[in-house]
Amino acid sequence: MNRLGDLERAVMDVLWQRNEPLTVREVGRALHERDLAHTTVMTVLDRLAKKGVVARAREGRAWRYRPAASRESYVSELMFDALGQTGDRDAALAAFVRSMSGNEAEALRRALAEIDEPRT
Amino acid sequence: MVSAALLSAIAVGCLVAAARLRRASWPVRGPYVAVIAWQALGLAWGVSTIGALLAFGLAPYQQGVFGGLVALFQDASAHGLSLTGLSKTPFGATQVGSLILGFALTLLLFYGLAVSFVHVVHTRRRHHDLLGLVAREDPDVPGARILDHPAAAAYCLPGVLRSQVVISAGALEVLDRSELDAVIAHEHAHLRQRHDLVLLPFSSLKRAFPRVAIVETYYSAVALLIEMCADDQARRERSAKELAMALLRFGTVRAAPIPAGALAANTDDPEVVRRVSRLLHPMEELSRPEAAAVLLSALVLMATTLSLWHLPL
């Protein structure tokens, strides 16, 4: 399980690095130091496609894979979930602190300045 | 009719009690007990409201709600869906309406719970998949994964086998070592005690009754109490001051712009302030007799409500 997760990461990193759709063979070549079997790479790409994070298109006889979105946009999506801004504060995950208003932040900043004095 | 009247009284009583509980000052001193009180009130409200509707509708059978339901189905199947038991009474039509309302409310509540559950599972799976691809591990921060983003965030992703605590790079920047440990302890408390499951019924209630202000308010009240439970847990492992400092730092840094706008969501939200002041000026914990009194009332409430479902009057 863990190893598969590792591979998925590595494959995504390759796809994100190159700015073009890649075939299974090309991905395998980019990861040659891992010495992966062709079918392994294919399985990993297939899993990623099922998760919806890579898109594939047929070109001639081979499939070409590219990331469905950039790494940054996935990070943003996660942060968006985390900060409870999807408009749907749900129990899916629990953020340490949710968004707060300007006034509140100001009140906290003042409290922080008071406590912080001995530290600095 | 008596049981219908009593169940209605309980349903109204639950709403009154919930309104008072929300304004009460003791929940802050015993968040765990308060969460149980909320659960009992919510459950009793649902059971008594549905019970009142059904008891009124099934009164002609004179067998209570459970017995009445059995009688109703026997009646319906024996007479080809024409209800002889109900057609003879003066309120026949109202009673059928009451039954339909009772069944509809039951369905709505269960539907809300199911949809919420599916939604949560789906969101978590997607979140978990993406975390696996973009979050990294850092030997300096054991027990958490790191997300490279400048905004400050710390959260946990609950799950049976693959729960995770996630800290953003922005959070690492504003927290010092001990504060970070306090935050991680807080998040692990959420995961260990499965706070997400406690919150789930309330979030599904919110889904079943969207845009109903009361439901929304109660949901946030319970959510805040749950945060306090985790705060208490973290305070036991680390120090209250470290945790309060972490909250303050998050709060003050968060006012900076966050990705993709939409910051102005929740304006009137003194939650963090309340948590911080609670940590910095600790109050006396709820005493044992007080806690026992609350728990006992919750138990009596549930037992009474359920036994009224059997009352054949």
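**Hairpin in chain A.** I began at the hairpin of β1(A) and β2(A), which has two residues between the strands, and found A:G60 with a positive phi near 65°. This is a predicted model, where local features need pLDDT of at least 70 and side-chain atom pairs count only at pLDDT 80 or more, while totals for chains, interfaces and linings use all residues. Residues are numbered from 1 along each chain as its sequence is written, and chains are lettered from A and ligands numbered from 1 in the order in which they are written.

I then checked the pairing: β1 (residues 54–59) and β2 (residues 62–67) of chain A run antiparallel over six bridges (pairing takes at least two DSSP bridges between the strands). A:E59 sits opposite A:A62 in β2(A), and A:A57 has A:R64 as its bridge partner there.

**Chain B overall.** I counted twelve helices and four strands in chain B (DSSP runs numbered from the N terminus: H or I of at least four residues for helices, E of at least two for strands). Its C-alpha atoms fill a box of roughly 75 × 45 × 35 Å along the principal axes. Of its 313 residues, 42% count as buried (20 or more other C-beta atoms within 10 Å of the residue's own, with C-beta atoms placed from the backbone).

**Helix α2(B).** I looked up α2 of chain B, residues 31–58: its 28 residues reach 40 Å from first C-alpha to last, close to the expected 40 Å (1.5 Å times one less than the number of residues). Is it enclosed or open? I found 22 of the 28 residues buried, so α2(B) is largely enclosed by the rest of the structure.

**Core.** The largest nonpolar core has 104 residues, and A:L45, B:A55, B:A153, B:V222, B:L225 and B:I226 touch the most other members (a core joins buried Ala, Val, Leu, Ile, Met, Phe, Trp, Tyr and Cys through C-beta atoms within 7 Å). α2(B) gives the most to this core, 17 residues.

**Helix crossing.** Last, I took α9 (residues 213–237) and α11 (residues 271–280) of chain B, whose axes come within 11 Å and cross at roughly 30° (lines fitted to C-alpha atoms over the stretch in contact, with angles from 0 to 180 degrees between N-to-C directions). That makes α9(B) roughly parallel to α11(B) (under 35 degrees). I noted the crossing as right-handed (the near helix is turned clockwise from the far one by less than a right angle).

Technical notes:
A residue is buried if 20 or more other C-beta atoms lie within 10 Å of its own, exposed if 12 or fewer, and partly exposed in between; C-beta atoms are placed from the backbone. Angles under 35 degrees count as roughly parallel, over 145 as roughly antiparallel, 65 to 115 as roughly perpendicular and the rest as oblique.
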